Amino acid sequence: MTSGQGQWPADVGITAIEIYFPSQYVDQEELESFDGASAGKYTIGLGQKRMGFCSDLEDINSLCMTVVHKLMEKTGTAYEAIGRLEVGTETLVDKSKSVKSVLMQLFPASAAADIEGVDTTNACYGGTAALFNALNWVESSAWDGRLALVVCGDIAVYATGSARPTGGAGAVAMLVGPHAPLVVERGLRSSHMQHAYDFYKPDLNSEYPVVDGRLSIQCYLSALDRCYGRYRQKAAALPGGGPVTVDSFDAVLFHSPFGKLVQKSLARLVFNDFLETDAAAVPERFPGLEGVQVSEPHKTLEESYFDRDVEKAFMERSRAQFEQKTKPSLLLASNVGNMYTPSLYSCLVSLLVSKKPDELTGSRIALFSYGSGLASSLFSIRIATTNGSGSRLEALLAGVSDVVGRLEARQKVEPAAFADTMQLREQSHHLAPYAPKADPSMLFPGTYYLTGIDEKHRRQYARAT
Ligand code: ACO
């Protein structure tokens, strides 16, 4: 595998993917009742079923070690084959010291430490920045023929209150290289970056963010509008390019803090398609919506919520598209919750496990990544049909074929015990020295866990058998 002179390698994208989520969860219906929320608020209102969470045995380093070890083991990839290692996370423990540097412990002495890349942070967007860095490296003059390894992981926890049911935890690792079954389309990335205080973590002594939930939704939808508009412009400007609509994609995936926002986001894209449609074509393309009146829509963050009537009309209009193009991608997001940086990639895994290889081959997937603060991008993946990618796709799918079984093998924990665990994490956050209290026997085999933190805040880990 060489980079060649003066040309890009072919079909650069994701060659393998692995996901890790915690072995315990709390049921959202039970949590509603425990929190005194009205029945249906978390399950119907937010669209969530279960929420994964970590005890004091797991931290960002252990999550990332677990997922990397599993990916390398399952794919039989030699650590010597990795030339770049990128981590996206917003869960900081050692602040100046990267999770990437911790992951170097997994690399045996025989593997060269000549490995570029460190951590990238911007709320839930860091994983996408890490992926873009890896893709850019493989397509650059610095590429030496090795693979890039992209890792994203987070522990998403909120203080008690309305945001708590939108937590979650997990990690995703991806190998990036040429001749990939999941090819990231060239020239088709659009971004929107803006200053906003919608969600941030100013208190370095706490795991909890400061969050303005309403503003975060406005920012998310506004960023989606802008990324979609720019993506369409870029697609139209490409040689042979043309108009893009939601129907240009077989699947549309979103950063997924909670299911209801995702369904509204798909409706929002269809609404954008409606706005771009000539009035004369509306009766044929959007029958029944001829009367929708929109005055200067979504020009500012504050206006970026839907008008309720318009929202209802487009949620209804896009229902079948949602069922077909987006709902299959919410399996992990609805059962584990918002994993922050891995959220979008958990949607990719969910889509892959919901289809047969022949249904996936040749399909085109749109992916919207959002991180508060704010950073956002829309990009697309094409599942390759050439260059022997059929067997590569099957190998990639075999790697994630255990996901549904793992989801079902988790242990349900009562909301009161979940609340106690959150309290323990609060009290032990940044304590040193510290010995974790939870029992490692409840972890899935192969999970890394914290065995202790010494007086200098140095962390030690073991792997569950
Ligand atoms: N049955 C059915 N639906 C209900 C019920 C009920 N009993 N009660 C409320 N609902 C509906 C509401 O109508 C609302 O739906 P709508 O938006 O379609 O009207 C939905 O449930 C949520 O109810 P709200 O009252 O709006 O919820 P609240 O404001 O208490 O909290 C929020 C929701 C803001 C999302 C909060 O959980 C939060 O701050 N989460 C963290 C921020 C976040 O995830 N932002 C997303 C992007 S940024 C990121 O990824 C971190």
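Biologist: Is Cys 124 buried or exposed?
Modeller: This is a predicted model. Buried means under 20% relative accessible area. Cys 124 has 7% relative accessibility, so the residue counts as buried.

Biologist: How far is the sulfur of Cys 124 from the closest cysteine sulfur?
Modeller: The closest cysteine sulfur is in Cys 152. The gap is too far for a bond. The distance from the sulfur of Cys 124 is 11 Å.

Biologist: Which residue holds the cysteine sulfur closest to that of Cys 64, and how many disulfides does the model have?
Modeller: Cys 64 is buried, at a relative accessible area of 0%. Its sulfur lies 8.1 Å from that of Cys 152, too far for a bond. A disulfide needs two cysteine sulfur atoms within 2.5 Å. The closest cysteine sulfur is in Cys 152, and the disulfide count is 0.

Biologist: Where is Val 210, and what accessible area does its nonpolar surface patch have?
Modeller: Val 210 sits in strand β11, residues 210-211. Its relative accessible area is 38%, which means partly exposed. On the surface, Val 210 forms a nonpolar patch with Tyr 197 and Tyr 200. Together they have an accessible area of about 290 Å².

Biologist: What share of the ligand's accessible area does the protein cover?
Modeller: There are 26 residues around the ligand, and among those that come nearest are Lys 41, Ser 162 and Arg 308. Polar side-chain atoms lie 2.7 Å from a ligand oxygen in Lys 264 and 3.4 Å in Asn 338. For His 255, a side-chain N or O atom is 2.8 Å from a ligand oxygen. Of the 1,000 Å² that the ligand has on its own, the protein covers 73%.

Terms used. Residues numbered from 1 in each chain as written. Predicted model: local features only at pLDDT ≥ 70, side-chain atom pairs only at ≥ 80, totals over all residues. Heavy atoms only, no water. Buried < 20%, exposed > 50% of the residue type's maximum accessible area, 1.4 Å probe, protein only. Patch = residues over 30% accessible without salt bridge, like charges linked within 9 Å, V, L, I, M, F, W, Y side chains within 5 Å. Areas by Shrake-Rupley, 256 points an atom, 1.4 Å probe, with all protein chains shown as cover. Salt bridge = Lys/Arg side-chain N within 4 Å of Asp/Glu carboxyl O. Helix = DSSP H or I, 4+ residues; strand = E, 2+ residues; numbered from the N terminus. Near = heavy atom within 4 Å. Polar contact = N/O pair within 3.5 Å; in protein donor to acceptor, adjacent residues only side chain to side chain.
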